[in-house]
Amino acid sequence: MSEAEQLVARTRDAFQTGKTKDVSWRLNQLKQLHKMLTENEPAIIEAEEKDLRKTAFETVITEISIARCETAHAINHLKNWVKPTYPSKTLVQTMDGIYVKPEPYGVVLIIGAWNYPTLLLVAPLVGAIAAGNCAVLKTSEVAEHTAKVMTELIPKYLDKECFPVYNGAVPETTELLKQKFDYIFFTGNPMVGKIVMQAAAKHLTPVTLELGGKSPVYLHKKSDAKLAASRIAWGKLINLGQTCVAPDYIMCDSEIKEDFVKALCDVIIERFGKDPQKSKDLPRLINDRQFNRLKGLLDKTPKEKIVFGGQTDEADKYIAPTIVNNCTMEDALMSDELFGPIFPIMEVNGKEEAVATINKLEKPLALYVFSNEPQVVDYVLSNTSSGGVTVNDTILHMTGTNVPFGGVGTSGTGSYHGKYSFDTFSHHRTVCYRKQNLEALLQSRYPPYTDTNLSRNKFLIEEKPGAGSCCMQ
């Protein structure tokens, strides 16, 4: 047996003991996870600084605090989440007990990502624990320092048998994906997402894929250009643009475009100085591969379109916040998700052209609309599809425990956060409980079949259009 096969077998044995079904046990594991994040905040900050040169501020606000919030939310609500729900009954079910009971899938696989290596491992783990699963945790080898910290910390705080950590690169992950899991939760890019889905299909394993895409911004002419520049720059330059929901490209009405470009230049200088490379608040690209990919895109961009930034430093894995004006769909920057600090700006002639541009590309993970006119916002939302939307700001739709976060189409499938995480990792099992009596009332369903019995059963089973629900409270 391979190492991966042995690991999954041990984890399945742990699940078969039944201990994860105990709600008190789940609560204890969640409390331990919260404790791990609190007691080891300095170690996590240090690791992410080494991996991405993230500041303590960004690591805490965009990862540790959100992960702690997810954990605390689950602790506070788990006893209600695990309760069966009792739907209204149909006429056929009048004498029965009918309820839906959330149950764990079993052994799940969680594959984290390098751009938010703490949050994107811990947040889905919260849902897996809350739902009563065991989970094999695959860290991202790209964020090696954070992976090392997670590998050391998780066994110290959580049940080692139920939540083993698995490390490795492509060969090890490929071997891991050959194993049979009861659910797979993957965060990453669409290309690898297809590989994960193919591996899952061999075992008919359900999946959640948190992917990405080119998340557009539409800036309507009836907007505050300075406010929009401030909020778009914030959403774009968190983690130097290495965020799955970062604004990818900006479509501006002609009446506001030049004011916006000037405001965007001003806000970048205001926050990071005239030489942003010297700013302590700007992270770095994760590795040479990402640097070379983005530099290659800039090299293909006509120099006259670069109106701000454009500087690169391979040794520092640094690409300056760069504004590229008057982009078109034919530019290299529009070929794929950027995942970096480059702002392609396109001019559009109104909301109709903006919507048409959005719909030419795959469905994005996020969509951003800036406008002071509700009818403009309604038009864009009614004629597009995306994983989520934030209006007049960026990122915020994915930060709450009270709403689901996930993609659609090539930007992902499934969702999580808060109770949605619990539901993602739960099989919702319907139970119909009928007593051993009243058999005489059921005779009409048995052979020999007659027209009278057919009419009787149709009356009991069918719901008539316009006649109200056939269910009883």
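This is a predicted model: local features need pLDDT of at least 70, side-chain atom pairs count only at pLDDT 80 or more; totals for chains, interfaces and linings use all residues.
Residues are numbered from 1 along each chain as its sequence is written, and side-chain values use heavy atoms, with hydrogens and water left out.

Let me begin with Q242, which is buried at a relative accessible area of 0%; buried means under 20%, exposed over 50%, and partly exposed in between, with a 1.4 Å probe and protein chains only. Leaving aside neighbours within four places in sequence, Q242 is in contact (heavy atoms within 4.5 Å) with residues including L52, W114, R284 and F339.

Turning to charge, side chains of opposite charge can pair when their charged atoms come close. A search of the whole structure finds 23 salt bridges, each being a side-chain nitrogen of Lys or Arg within 4 Å of a carboxyl oxygen of Asp or Glu.

What is the N to O distance between R434 and D96? Their side chains meet in a salt bridge at 2.7 Å, and because R434 and D96 both lie in loops, the pair ties together parts that are 338 residues apart in sequence. R434 is partly exposed, at 36%, whereas D96 is buried, at 5%.

K305 forms a salt bridge with D331, with the closest N and O atoms 3.0 Å apart, and this pair links distant parts of the chain, 26 residues apart.

Finally, E39 and K35 also meet in a salt bridge, at 4.0 Å from N to O, where E39 is partly exposed at 45% and K35 is partly exposed at 37%.

Methods. Helices (H or I, at least four residues) and strands (E, at least two) are DSSP runs, numbered from the N terminus.
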